[in-house]
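Thanks for coming. I have one structure to go through today, and I will keep to what can be read from it.

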Amino acid sequence: MPRTRFTATEKLDILLGLAKTNLTQSAYFKSYGIARDTFIRWQRLYTQGGLDGLRDITQSLSNKP
C-alpha cells in the first residue's frame, strides 16, 4: 500500500486552512496538489473519526504496539 503525501495533522491543517484563505477552492486544492474529491473525503473522515479518521491504515498500524 503506498504511503500518502500528507500526515493526519497536515490533512487537518489543509481542511482548516480553506476557511482562512483568499484563494478560490479550485486554486487552494491545486496549491496542495489534491482533488476536490480528496478534500471532501478528508472532511467526511474527520467528521466521522476526528484526527484518527485522517490517519492512513499504514500510519495507524505503525503506531500500535
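First, some housekeeping. This is a predicted model, in which local features need pLDDT of at least 70 and side-chain atom pairs count only at pLDDT 80 or more, while totals for chains, interfaces and linings use all residues. Residues are numbered from 1 along each chain as its sequence is written, and side-chain values use heavy atoms, with hydrogens and water left out.

Now the layout. The chain has 4 helices and 0 strands, and along the sequence the pattern reads α-α-α-α. Helices (H or I, at least four residues) and strands (E, at least two) are DSSP runs, numbered from the N terminus. The chain has 65 residues, of which 28% count as buried. Buried means under 20% relative accessible area, exposed means over 50%, and partly exposed is in between, with a 1.4 Å probe and protein chains only.

Next, the rings. How many aromatic pairs does the structure hold? There are 4 aromatic pairs. Rings of Phe, Tyr and Trp (its six-membered ring) pair if their centres lie within 6.5 Å; planes under 30 degrees apart count as stacked, over 60 as edge-to-face and the rest as tilted.

One of these pairs is Tyr28 with Tyr32: the ring centres are 5.2 Å apart and the planes stand at 65°, so this pair is edge-to-face. Both residues sit in helix H2 (residues 25-32), and because they are 4 residues apart there, about one helical turn separates them. Tyr28 is buried, at 5% relative accessible area, whereas Tyr32 is partly exposed, at 32%.

Another pair is Phe29 with Phe39. Here the centres are 4.9 Å apart and the planes are at 40°, so the pair is tilted. Phe29 belongs to helix H2 and Phe39 to helix H3 (residues 36-54), so the pair ties together parts that are 10 residues apart in sequence. Phe29 is buried at 6% relative accessibility, and Phe39 is buried at 4%. Tyr28, Phe29, Tyr32 and Phe39 form one aromatic cluster.

Now the helix pair. Two packed helices are described by the angle between their axes and the distance between the axes. For helix H1 (residues 8-17) and H3, the axes come within 10 Å and cross at roughly 130°. Axes are lines fitted to C-alpha atoms, for helices over the stretch in contact, and angles run from 0 to 180 degrees between N-to-C directions. How are H1 and H3 oriented to each other? They are oblique, given that angles under 35 degrees count as roughly parallel, over 145 as roughly antiparallel, 65 to 115 as roughly perpendicular and the rest as oblique.

Which residues meet there? From H1 they are Ala8, Thr9, Lys11, Leu12, Ile14 and Leu15, and from H3 they are Phe39, Trp42, Gln43, Tyr46, Leu51 and Leu54. The residues of this contact divide into 9 nonpolar, 2 polar and 1 charged. In that count, Ala, Val, Leu, Ile, Met, Phe, Trp, Tyr, Cys and Pro are nonpolar, Asp, Glu, Lys and Arg are charged, and the others, Gly among them, are polar.

Gly17 is in helix H1 and is buried, with a relative accessible area of 15%. From C-alpha to C-alpha, Gly17 and Tyr28 are 9.0 Å apart in space and 11 residues apart in sequence.

Leu18 lies in the loop between H1 and H2, and is buried at 18% relative accessible area. Leaving aside neighbours within four places in sequence, Leu18 is in contact with Gln25, Tyr28, Phe29 and Phe39.

Is Gly33 buried or exposed? Gly33, in the loop between H2 and H3, is exposed at 57% relative accessibility.

Conventions: Contact means heavy atoms within 4.5 Å.
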